[in-house]
Amino acid sequence: MKLELRGITKRFGSLVANDHIDLTVEAGEIHCLLGENGAGKSTLMNVLYGLYQADDGQVLLDDQVQQFAGPGDAMAAGIGMVHQHFMLIPVFTVAENVMLGHESTRAGGLLDLPTARAKVREISERFGFHVDPDALVDDLPVGVQQRVEIIKALSRDARVLVFDEPTAVLTPQETDELMGIMRQLKETGTSIVFITHKLREVREVADRITVIRLGKVVGEAAPTATNAELASLMVGRAVELTVQKEEPSLGDPALIVEGLTVIDPIGQLVVNDVSFTVRRGEILAVAGVQGNGQTELTEALLGLQPRVEGSINLDGTELTSASVRRILDAGVGFVPEDRTEDGLVGEFTIAENLMLDRSGGAPFVRAGNIQRGALADFAREKVKEFDVRTQGIDSKVRQLSGGNQQKVVLARELSRDLRLLVAAQPTRGVDVGSIEFIHKRIVETRDAGVPVLVVSTELDEVVALADRIMVMYRGRIVGIVPGDTPRDVLGLMMAGEHPAEGAAA
Amino acid sequence: MSDPQHPDAAGTPGPGRPELDVDVAIEEPGAVSPEKETAAEDARATAGGPGGTAGADVPPPSRWHTTLHQIATGNAIISVLAVLLALIVGAIMIAFTDERVQEASGYFFARPGDTFLAIWESVSGAYAALFQGSIYNFRRDTFLAGIRPLTETLTFATPLIAGGLGVALAFRVGMFNIGGRGQMLIAASVAGWIGFGFDLPWGLHMLVALVGGLVGGALWAGIAGLLKARTGAHEVIVTIMLNYIAFYLVSWLLRTPGLLQAPGSSNPKTPAMKDTAIFPSLLGPQFNLHLGFVLVIIATVVVWWILSRSSLGFRFRAVGENPNAARVAGINVRNMYVYAMLISGALLGLAGVSQVLGTVTTGFTAGIDAGIGFDAITVALLGRSTPWGTFVAGLLFGAFKAGGFSMQAAEGVPIEIVLVVQSLIVLFIAAPPLVRTIFRLPDPASRRRPVPNVSQEVKVK
């Protein structure tokens, strides 16, 4: 089915989120919608899906003008959407989820589950999904849950499928499989809109690429375009994609972790007997698929985990089971992986967030009083230094974009006297322009002689930053390898396979 | 001083009244929390995912918490509009319950003007009486007599503001202290016991009684804070139950000779306070306004300083807004819960102390709290949990209390109508979408949610 958007305009108050956007997706085409966070991609797709009403413009399917009052109309017209956050009910089976909202019943109001099951099996066989219709969604891995979403859309005869940032939650392998599925769908004539900000994926799978910036279409590109070209289109200026860094000048071992084990509340070993060392002036990157113990490892380093065994030693000071306060005072800087949950207080101003982990004494507190003047000076200086795009230091952090929020976290942590920096997912949900900046600052921190531990699920980031790479799988270290280890080796290690002998450092 | 204007405070604790209050407590918004929170927790558990990272120490904010938070810290305009709406609805109810209106409406189709006139007279009369009963009475000859209602308003407002500050402070730290009644009772008992049972010089006696009461209230609330910090017990449940415990404990003390009961009496009532312990009057003996009001102004300034200027308040607010981030930033969240409850309890204690040492000095019963512990929640909500907002809201409710009696006396408006107006205010505050819809205000959430990033990008570039 051919999808055409003509002059779509959507305003929120004085803000124009979509400004006369034209987009044509031919039948059997994978059309990539590329843009930074907040460029207006999601707004556009919500207009297409009937969640928002456009202020101006038309949606056409096979040259017929459509009027969608809600997602129901859009679905009936053949538009399906695979959301970034799955819209599944975890305690229902696959078949139940698929029929949800379109339940057909037999005599006596009984649910017609057999038909739903058959449908799931049929679609699943057609595309080689291997999804059991009777499995509980809760028990399925994330990648499979996403397939259930796809099956859901296909079972309603969707001819246009919208994938909203589908790869954010997937492992590299699952991402590859998803790409395969998208190609298969394309073969059957389904039109696909693929929303992403990951350049590699775009070039791999797209037939055509439309780049959106600030609510406007700023250009079209062919999949043959280079990463740098695409990135500069997205950001509006030339972007450096590789991190410029010198050879590390290694100092003494600073952080020595031995036999670290973290036990979660239900008694599982989420970090299992992990030992490693980070030297001064070195970036050790922890690679691995989300949920293999990296989060718990960083939390254990910060004293946030209640049940920890083994030893954590920083510059000769034993930090095992010390309080968070003591660990921060020992000079540990921490960029948490979920900044809105753990790193910032959204309702606080930028200035207040900048003093969040220094609320106990100098320089911002004297005799129990907050030194507002000193804080304001400091905040203004840091906002400038870290290029936080904001109206002022009294803006609430909640109103900032993800990249600017992360800059606030980084500014706060890097402005302390650090002896160790732990950065978890430092560029997650951050726009390309800010990624460049954040990476630069992390490398600068290393060059200042601070040991740095970076945890990332993005292989690109790991490779860009790491002097050495530690791969984790199921709470254990698979191996610690040099920073220039090829990606395919790393990919295998992330799946739990030990590196070939000799590759280990 | 137990004149008819203090029926609640001075009345004997009939079997109905206290029980009623407890029932009301259970219908307070807080009581729904256990159920809803469980639901939220279930939802989170089933949603799975890597979300529950820092869960071990800090209970994650529930959906209920978020809603409460929005109610407690929303827009000031909503507060004003809620009061306005409540007054309008109150006017309708006054008109409906007025006998003359009912009479005139009997021949509405013959002479509709009569009905409208009766409505106008009843409503304007009632609100004029409210004004005269709470601010200035034009029917009195001298200014001093005319201004007396205002001083009554301030007297009534005194414990409401103190209690409201306590509830508001707990709100800001993310806790719902509905144990105001228990904290007031304990504080009143301690202060009262010191007030009538000891012989100390003037000034010192009052100070000791005041401090004793504040400590009593603080410790009583501190139990809830400590239990929350150490065991994760929800403060709503604990404070509700501590209300019962305090009430029956104080009732027993009042009934037991040699403890709080007045010697030679069989009533569950204490002896009168000694003169050395009583708060001095601010404006001379013909007015009821006492030193408590000055203490409440000081308390408001102190709470403002704590919340806006001190590092302790900074940590309080950080914990209240995002306990996870606070914990990651090295703030001891558990201690903050305990400290906040101690201060909150001391403020409610101030409300209790000002009752026994200022307003009802002839000895008190177990009804001394007069429902102020619960009204304080309303006051804090109306004041949006800010110190000065709470101050103003306390004055408003003081005016309702003072003016309510004159509405009843002068215009025959049932006192219940005034209480209905108060309850309507809470209802409208608790439902900002309703107020927004009625006044066609833009919904901040709808504009904010979908485009937080876009707005920034657009402004910036």
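The model is predicted, so local features need pLDDT of at least 70, side-chain atom pairs count only at pLDDT 80 or more, and totals for chains, interfaces and linings use all residues. Residues are numbered from 1 along each chain as its sequence is written, while chains are lettered from A and ligands numbered from 1 in the order in which they are written.

Select chain A, which has 17 helices and 22 strands (DSSP runs numbered from the N terminus: helices are H or I with at least four residues, strands E with at least two). Its C-alpha atoms fill a box of roughly 70 × 50 × 50 Å, taken along the principal axes.

Next, select residues 253–263 and 308–314 of chain A, which are strands S11 and S14, running antiparallel and joined by six bridges. Here A:Val262 stands opposite A:Val308. Both strands belong to an open sheet of four with the order S12-S11-S14-S15 and antiparallel pairing (two strands pair if DSSP finds at least two bridges between them).

Now move to chain B and select helix H12 (residues 292–309) and helix H15 (residues 333–359), whose axes come within 10 Å and cross at roughly 170° (axes are lines fitted to C-alpha atoms, for helices over the stretch in contact, and angles run from 0 to 180 degrees between N-to-C directions; contact means C-beta atoms, placed from the backbone, within 7 Å). Among the residues that meet there are B:Leu295 in H12 and B:Leu350 in H15.

Technical notes: Two residues are in contact if their C-beta atoms, placed from the backbone, lie within 7 Å.
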